[in-house]
Amino acid sequence: MLTLAFPWLLLLLPLPLLIKPVQRQTRGGFLHLPGSADLVADVSKSTPKARDMLKWLMWTALVLAVARPQWLGDPIELPSKGRDLMVAVDLSGSMQIEDMVLDNKTVDRFTLVQHVVSDFIERRVGDRIGLILFGDHAYLQSPMTQDRRSVAQYLREAQIGLVGKQTAIGESIALAVKRFENLEESNRVLVLLTDGTNNAGSISPDKAAAIAAERKVTIYTIGVGAEMMERRSFFGRDRVNPSMDLDEEQLQRIANATQGKYFRARSSEDLAAIYQEIDKLEPVSRDTQSFRPKQELFFYPLALALFLSLLAALREGGLFASGRNAP
């Protein structure tokens, strides 16, 4: 269905009729050029009605473009059942450690998380998903929405260190609890991914988990990082544990306090299996909602107005007059 976003702007169409054209009379001398008399006579004989019609078309197209014509598609019903998930992702400096494997290539932890979690988000048909990024502090990157592609895109555009180099796990839990406050019928699930221990923020993870438990928020914690990696040194190759900073006991306590689960993700396969576990959560019913897809069409009348203005400029420049003067 064709509609206008601002139909009342069509009241501007008769505006030129209310403005009287000002006739300017020029006085004084002018330069006579050979043949100019014929040209002036030709221009003066140009069709004023055609010129006025051109201006009216320009004005009409311009007003129509400002009124924003739109095409509304048929109503599409949104799924009436789904889950409410907040995903909190660690952006601290340690996420750049290259100890994970993706498609047979060694990548850093955050690249793997971006790949797997983005795919997880895009598959959550019917679910409302929000995104929290945390480093020195926790920030809401996206509120809960069914626009899964936008949330996945926000995660793909995130950068390590964007919100600081430290790890504010407690703040990320507190922020998620706050976002769940106004939801009555909801699963209230937080998926928290980190590779370290809490060393920043204004609230401890245990205190934040206690508040989450009171508000019936279930937290699934995921510890990211390999258990062993090879490193070149002056004395050759040696093996180190790159996940020494991962506080698994703390993540386990958070999960236990909120009736959730703790998972350890050592590879992309582990991470994918964890999300299959979350798929088993029972969806909750919601009120049926629908939306109509909208397509903007303002550029068509705008392009017509620009074309007509170009045509008028060429006409005023005498381009068409020269053709009429030809023998």
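Two strands are said to pair if DSSP finds at least two bridges between them. The model discussed here is a predicted one.

Three bridges connect strand S2 (residues 69–72) with S17 in the antiparallel sense. Within this pairing, Gln 70 has Glu 296 of S17 as its bridge partner.

**Helix H10**

Helix H10 covers residues 299–316. How does the distance between its end C-alpha atoms agree with the expected span? At 1.5 Å a residue, the 18 residues of H10 should span 26 Å, and the end C-alpha atoms are 25 Å apart, which agrees. The buried residues of this helix are Pro 301, Ala 305, Leu 308 and Ala 312. Seen down the axis of H10, these buried residues fall within an arc of 70°, so they line one face of the helix. Tyr 300, Leu 306 and Leu 310 are exposed on the other side of H10.

In helix H7 (residues 205–214), the residues Pro 205, Ala 208, Ala 209 and Ala 212 are buried. Because the buried residues fall within an arc of 100° when seen down the axis of H7, they line one face of this helix. The face turned away from the buried side of H7 carries the exposed residues Lys 207 and Glu 214. Which elements cover the buried residues of H7? The cover includes helix H6 (169–180), strand S11 (218–224) and helix H8 (248–257).

After H7 comes Lys 216, whose phi is positive, near 60°. Thr 218 lies in strand S11. The cut-off for a buried residue is under 20% relative accessible area, so Thr 218, at 17% relative accessibility, counts as buried. Leaving aside neighbours within four places in sequence, Thr 218 is in contact with Arg 188, Val 189, Leu 190, Thr 258, Gln 259 and Gly 260.

**Helices H4 and H5**

The axes of helix H4 (residues 109–122) and helix H5 (residues 148–157) come within 9 Å and cross at roughly 175°. Angles over 145 degrees count as roughly antiparallel, which makes H4 roughly antiparallel to H5. On the side of H4, the contact is made by Phe 110, Val 113, Gln 114, Val 117, Ser 118, Ile 121 and Glu 122. On the side of H5, Arg 148, Val 151, Ala 152, Leu 155, Arg 156 and Glu 157 take part in the contact.

**The loop between S6 and S7**

Asp 103 is placed in the loop between strand S6 (100–102) and strand S7 (105–107). The place of Asn 104 is in the loop between S6 and S7.

| Residue | Phi | Relative accessibility |
|---|---|---|
| Asp 103 | near 55° | 63% |
| Asn 104 | about 65° | 78% |

Asp 103 has a positive phi and is a residue other than glycine. For Asn 104, phi is positive although Asn 104 is not a glycine. Are these residues buried or exposed? Exposed means over 50% relative accessible area, so Asp 103 counts as exposed at 63%, and Asn 104 is exposed at 78%.

How values were computed: Residues numbered from 1 in each chain as written. Predicted model: local features only at pLDDT ≥ 70, side-chain atom pairs only at ≥ 80, totals over all residues. Heavy atoms only, no water. Helix = DSSP H or I, 4+ residues; strand = E, 2+ residues; numbered from the N terminus. Expected span 1.5 Å × (residues − 1). Buried < 20%, exposed > 50% of the residue type's maximum accessible area, 1.4 Å probe, protein only. Arc of directions from axis to C-beta. Contact = heavy atoms within 4.5 Å. Axes fitted to C-alpha atoms, helices over the stretch in contact; angles between N-to-C directions. Parallel < 35°, antiparallel > 145°, perpendicular 65-115°, else oblique.
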